[in-house]
Amino acid sequence: MKRIVFALLLIASVVAGCGVRPSAVIAGAPAPTGPANGAVLYFLSGGQPVRVLRPLAEERPPASPIDLLAAGPDESERERDYTTEVPPGTAVLDQSAGPNGVTVTLSIGVTRLSAMAVDQIVCTARDALGGSAQITLRGEGTTRGPLSCPLPG
C-alpha cells in the first residue's frame with residue numbers, strides 16, 4: 001500500500017513539473033565589445049589566492065601583470081584587504097613557449113618564493129598568457145615547475 005501511494009505521489013510530482021510558468025524572451029543589453037582595459041591579478045584574501053581585475057589607465061602602456069602583482073595591491077585593493085606574498089621588485093625578464101607550456105624567467109630566485117607567492121604568479125601568468133595549462137618559473141639559476149594554477153581560470 002505504501003509503495004502504491006509513494007508511486008502515485010512520484011508520478012503526480014513529475015506531471016506537475018516544477019511550477020515555473022513559461023515566459024517570453026527577456027532581452028538584455030548588448031554584449032560589450034573590444035578588449036577589456038584591465039589586468040587580471042591574483043592577490044590573497046584571507047590567505048587564499050583570489051582573482052582581481054585591476055582597471056588600467058588608457059593613456060599608459062600596460063605593464064606586465066606580474067610586475068603589477070609585485071607592486072602590491074593599490075589603494076582600493078588594500079581597502080578590500082587584498083595582500084600579496086610576491087616580493088617587491090619581482091619582474092618578468094623573459095617568457096618562452098616550450099613542450100611543457102610556458103617558461104617565465106623572473107628577476108629573483110624562485111626557490112625563495114612562498115607557496116602562496118608561486119600560486120599568485122602562476123595564476124596571473126596563466127591568465128595573461130591566454131590560459132596556458134603549465135607554467136615553469138625560472139630565476140637566478142633555479143627552476144620550479146611545470147606548475148598549474150590551482151584555481152579555475
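Two residues are said to be in contact when they have heavy atoms within 4.5 Å of one another. The model is predicted, so local features need pLDDT of at least 70 and side-chain atom pairs count only at pLDDT 80 or more, whereas totals for chains, interfaces and linings use all residues. Residues are numbered from 1 along each chain as its sequence is written, and side-chain values use heavy atoms, with hydrogens and water left out.

View 1. Thr124 lies in helix H4, where helices (H or I, at least four residues) and strands (E, at least two) are DSSP runs numbered from the N terminus. Thr124 counts as buried because its relative accessibility is 0%; buried means under 20% relative accessible area, exposed over 50% and partly exposed in between, with a 1.4 Å probe and protein chains only. Leaving aside neighbours within four places in sequence, Thr124 is in contact with Val40, Leu41, Tyr42, Pro65, Ile66 and Leu69.

**View 2. The largest nonpolar core.** A nonpolar core is a set of buried Ala, Val, Leu, Ile, Met, Phe, Trp, Tyr and Cys residues joined through side-chain atoms within 4.5 Å. The largest one has 29 residues, and those with the most contacts inside it include Ile66, Leu113 and Ile135. Helix H4 gives the most to this core, with six residues.

**View 3. Strand E5 and its partners.** Four of the five residues of E5 are buried, so this strand is largely enclosed by the rest of the structure. Strands pair if DSSP finds at least two bridges between them; E4 and E5 do so in the parallel sense over four bridges, while four bridges join E5 to the antiparallel strand E6 (residues 142-147).
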